[in-house]
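Please look over the sequence and the model shown here.

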Amino acid sequence: MLRNKSKALFNKTKKIIPGGVNSPVRSFSAVSSTPFIVKKAKGSSITDIDNNNYIDFIGSWGAMILGHSDNRIIKKLNSISKNGLTYGAPHEAETKIAEFIIKNIPAVEKIRMVNSGTEATMSAARLARGYTNKDIIIKFNGCYHGHGDAFLVEAGSGAATYGKPSSSGVTKGSSKDTISIPYNDKELLKKTFNRYKDKIACVIIEPIAGNMNFVKSNKDFLKLARQLCTKNKSLLIFDEVMTGFRVNFKGAQHLYGIKPDLTTFGKVIGGGLPVGAFGGKSKIMDMLAPDGPIYQAGTLSGNPLAMHCGLETLKIISNKSFFKKLSAKTKSFVNGLNEIAKKNNYPFHADSEGGMFGLYFTNNKPKNIEDIKNSNIKHFNKFFNYMLSNGVFFAPSAYEAGFISEAHTQKDFSEVYKLFTKFIKSIT
Ligand SMILES: *Cc1c(COP(=O)(O)O)cnc(C)c1O
C-alpha cells in the first residue's frame, strides 16, 4: 500500500502547522509512523489521497456512531444550511436538543451547549468551584478531560498530594489545586478526602475511561466517589464526552446506576460537528451567567447546524433496537479477536461496552493506566502498523479506545480476523 501523496502533503503541512496536525494523536508519532491524509469517508471506510481504503475503527474518536457521511444526516444538513449557518441569537433547535437530552438523562435537569469537550469540562470545573466555593479538583491518572490547564496535571511526588503540570506552559498556580490519583483505588480516594475534605470542589472522572485504552471503573469505586462527594459537599462530575450516547443510550451513569451532579458531553452529541455540553442539577446550573455569578459564554455555542446534526443523530440512536444491535455487534467483534488469540496462545485480551472497545496486548483486564503501561506496547505498535498497511485503521496509540458504528459489517470483521491471525503468526 503506497502512501506517497500522503507523505508529501504531510511533509509540506509540517512546515506550516505544528507537527503537521491540528491534534497531536493524529501525527501517528506514538506508533513511529506518519499519517495518511483523508480524501473522503463513507460508512465504515476512509479513503486517503493515494486512493487507499481503510476500515475505520476510530470514527472520529467515537463521534461517528452512524458511520461516516450517513445519508439521513447529510440530508438534514443540506436542508438546514439553507436557513443560515450561525445567528448569534437563540433558535429553536437549541431548545429541542436540550429537551431531548434532559428527557433521556435523569441526572441532567438543565444543560448548556459549547463547542468542544474541552470547553465542557473546563466550564463544569469552574461551575463546581463557583458553586461549592472550594478550589480542589480530584482527577484520576490516565483520565483525559480535554486540555484545560487545571486538567493537565499529573500525580505529585507523594500519593494524595497536589499535582504538577503535565504540560509545559501550565503554571504551578493552575496545577496546584488539582490532585491526580490512581483510577479504581478506593483507599487513596478515601485518604485524599480525609486530608482535604472541606477544600474539595469536585471529583471528575471518566466512568469508563477511553483515553488510557479502555478501562472500566469498578462499581464500588464509583459508589464510594458518590458517597464521599455527597458527604463532603463536593460535586461529582462524570466526564461522558466519550461514553455519553456511546456505551449505551443513557451513558455510563445509567450502566452503573450512579447519578453525578454534573455531566459533560461531546463527540456523539454533535453527530460529527463540533459540539460539547455540560449539564446537571438546576440549582447548580442556575449559578451560570446571565442568572448567576459564574461566567461562561460562546460565540458559536448552540450553532444551528451542529444542533440539528446532533439532534438528528440522537433521535436515530434512541431507537430501542439501536444499542442492542450495536452492543451485540461490538461484543461479537471482540469475542472473535479473543478466540483467535486464545487459539494461537497469544497474550491478548479485548473488551467492549456498547459501541466502544479496548484491545490489550496482555492476558489481563487492566484496572488503571499502570496496567496499560505494563502491556506489550511494542507488539501493539507492530499490530497498528501491520493493520494499517493492510487497510485497517485502529487508534494510533496503545492508550486509546476503539469504536464500532452502525455501518460496520461482518465483512469488515472477517477481514480483521484474517489479518490478526496472520499478524500473530508473524510475530510469535
Ligand atoms: C475527547 C474528550 C474530551 C475533550 O473533548 P474535545 O472535543 O477533544 O475537546 C474530554 N473528555 C473526554 C472523556 C474525552 O474523551
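How many cavities of 30 Å³ or more does the structure hold? The structure holds three. The search ran on a 1 Å grid over the protein atoms alone, and a cavity is a set of points where a 1.4 Å probe fits but cannot get out. Grid points are joined across faces, edges and corners, and a volume is the space filled by probe spheres set on the points. Rolling a probe the size of a water molecule over the atoms shows where empty space is left.

The model is predicted: local features need pLDDT of at least 70, side-chain atom pairs count only at pLDDT 80 or more, and totals for chains, interfaces and linings use all residues. Residues are numbered from 1 along each chain as its sequence is written, and side-chain values use heavy atoms, with hydrogens and water left out.

The largest cavity holds about 80 Å³ of space. Its lining has 13 residues (those with an atom within 4 Å of a point), and the closest to the centre are Leu359, Phe380, Ala395, Glu400 and Ala401. Strand E16 (residues 356-360) gives the largest share of this lining, three residues. Helices (H or I, at least four residues) and strands (E, at least two) are DSSP runs, numbered from the N terminus. By class, the lining of the largest cavity has eight nonpolar, four polar and one charged residues. Here Ala, Val, Leu, Ile, Met, Phe, Trp, Tyr, Cys and Pro count as nonpolar, Asp, Glu, Lys and Arg as charged, and the others, Gly among them, as polar.

The second largest cavity has about 50 Å³ of space. Of its 13 lining residues, Asp56, Gly59, Met64, Ser405 and His408 lie nearest the centre. This lining has four nonpolar, seven polar and two charged residues.

A pocket, in contrast to a cavity, is an open set of points with protein on both sides within 12 Å along at least five of seven lines. The second largest pocket has a volume of about 440 Å³. Among the 23 residues that line this pocket, Glu94, Arg112, Met113, Ser301 and Gly302 are the closest to its centre. Helix H3 (92-104) and strand E4 (110-114) are the elements that give two or more residues to the lining.

Next comes the ligand. A polar side-chain atom of Lys267 lies 2.7 Å from an oxygen atom of the ligand, and one of Asn211 lies 3.1 Å from a ligand oxygen atom. From Tyr144, a backbone N or O atom lies 3.2 Å from a nitrogen atom of the ligand. The protein covers 82% of the 370 Å² of accessible area that the ligand has on its own, with areas from the Shrake-Rupley method and a 1.4 Å probe.

The last stop is an open sheet of four strands in the order E1-E2-E3-E17, with mixed pairing. Two strands pair if DSSP finds at least two bridges between them. Strand E1 (38-42) and strand E17 (392-393) are the edge strands, each pairing on one side only. E1 and strand E2 (residues 45-48) pair in the antiparallel sense over four bridges, and Lys42 has Ser45 in E2 as its bridge partner. The hairpin of E1 and E2 has two residues between the strands, and Gly43 there takes a positive phi near 60°. Strand E3 (residues 53-56) and E17 pair in the parallel sense over two bridges; the bridge partner of Ile55 in E17 is Val392.

Technical notes:
Polar contact = N/O pair within 3.5 Å; in protein donor to acceptor, adjacent residues only side chain to side chain.
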